[in-house]
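Subject: Structure handover

Hello,

I am passing on the structure we discussed. Please look it over alongside the notes.

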Amino acid sequence: TYKRGGAVIIPSFAVGRTQQLVYTLHRLMVARDIPALPVFVDSPLAINATSVFRLHPEAYDAEIREFMLQEGDPFGFDSLRYTRSVEQSKELNFMRESFIVISASGMAEAGRILHHLRNRIEDPANTVLIVGWQAPDTLGRRIVEREPVVRIFGEEHRLRAQVEVLNGFSGH
């Protein structure tokens, strides 16, 4: 996606999954396994949940505690931004360079993710990264099944973005 100049759009559950993704992206960037792209967490609930995660390091496993000793905050790194306001979220629509956005809802049925999908799903430079099981009759499932046309906000959009599925993040 980076080489195509596109964006990676990740529908994610706000509690648990988003924090796991942020930590994983942080690790991948530290290891230089992926480029240090701008990463945006665009979900007020996910931002609030991340604050709660930060307050309870006693619940972390040995792996994340070791990472913290080496790298610091697992939920904060130079290229990560948390976008709380609607205005900050809308600004992402105008970004032309590659970036990653993690946004709720996890099955792409509501929330800010719908705006990101609407604005990016027809561009083959972009990737929609599905990181968990998608229930039948959801937009997320229609994307996983690569339906050629999907409805977002009642309007039809051609699914031209690349679709990748990583089931390893699923809780199902």
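The model is a predicted one.

Nonpolar cores

The largest nonpolar core has 24 residues, and those touching the most other members are Ile10, Val22, Val39, Ile100 and Ile102. At least two residues of this core come from each of strand E1 (7-11), H1, strand E2 (39-42), helix H2 (44-55), H3 and strand E4 (99-103). H1 gives the largest share, five residues.

Leaving aside residues up to four places away in sequence, Ile100 touches Val8, Ile10, Leu25, Leu37, Pro38, Val39 and Phe40.

Helix pair

Helix H1 (residues 17-30) and helix H3 (residues 62-71) have axes that come within 12 Å and cross at roughly 50°. The two helices are therefore oblique to each other, and the crossing of H1 past H3 is left-handed. On the H1 side the contact involves Tyr23, His26, Arg27 and Val30; on the H3 side, Glu63, Ile64, Phe67 and Glu71. Sorted by class, that contact has four nonpolar, one polar and three charged residues.

Asn167

Asn167 lies in the segment after strand E8 (162-165). Asn167 counts as exposed because its relative accessibility is 52%, and the cut-off for exposed is over 50%. Pro35 is 132 residues from Asn167 along the chain, and their C-alpha atoms are separated by 22 Å.

Regards

Key. Residues are numbered from 1 along each chain as its sequence is written. This is a predicted model: local features need pLDDT of at least 70, side-chain atom pairs count only at pLDDT 80 or more; totals for chains, interfaces and linings use all residues. Side-chain values use heavy atoms; hydrogens and water are left out. Axes are lines fitted to C-alpha atoms, for helices over the stretch in contact, and angles run from 0 to 180 degrees between N-to-C directions. Helices (H or I, at least four residues) and strands (E, at least two) are DSSP runs, numbered from the N terminus. Angles under 35 degrees count as roughly parallel, over 145 as roughly antiparallel, 65 to 115 as roughly perpendicular and the rest as oblique. A crossing is left-handed if the near helix is turned anticlockwise from the far one by less than a right angle, and right-handed if clockwise. Contact means heavy atoms within 4.5 Å. Ala, Val, Leu, Ile, Met, Phe, Trp, Tyr, Cys and Pro count as nonpolar, Asp, Glu, Lys and Arg as charged, and the others, Gly among them, as polar. Buried means under 20% relative accessible area, exposed over 50%, partly exposed in between (1.4 Å probe, protein chains only). A nonpolar core is a set of buried Ala, Val, Leu, Ile, Met, Phe, Trp, Tyr and Cys residues joined through side-chain atoms within 4.5 Å.
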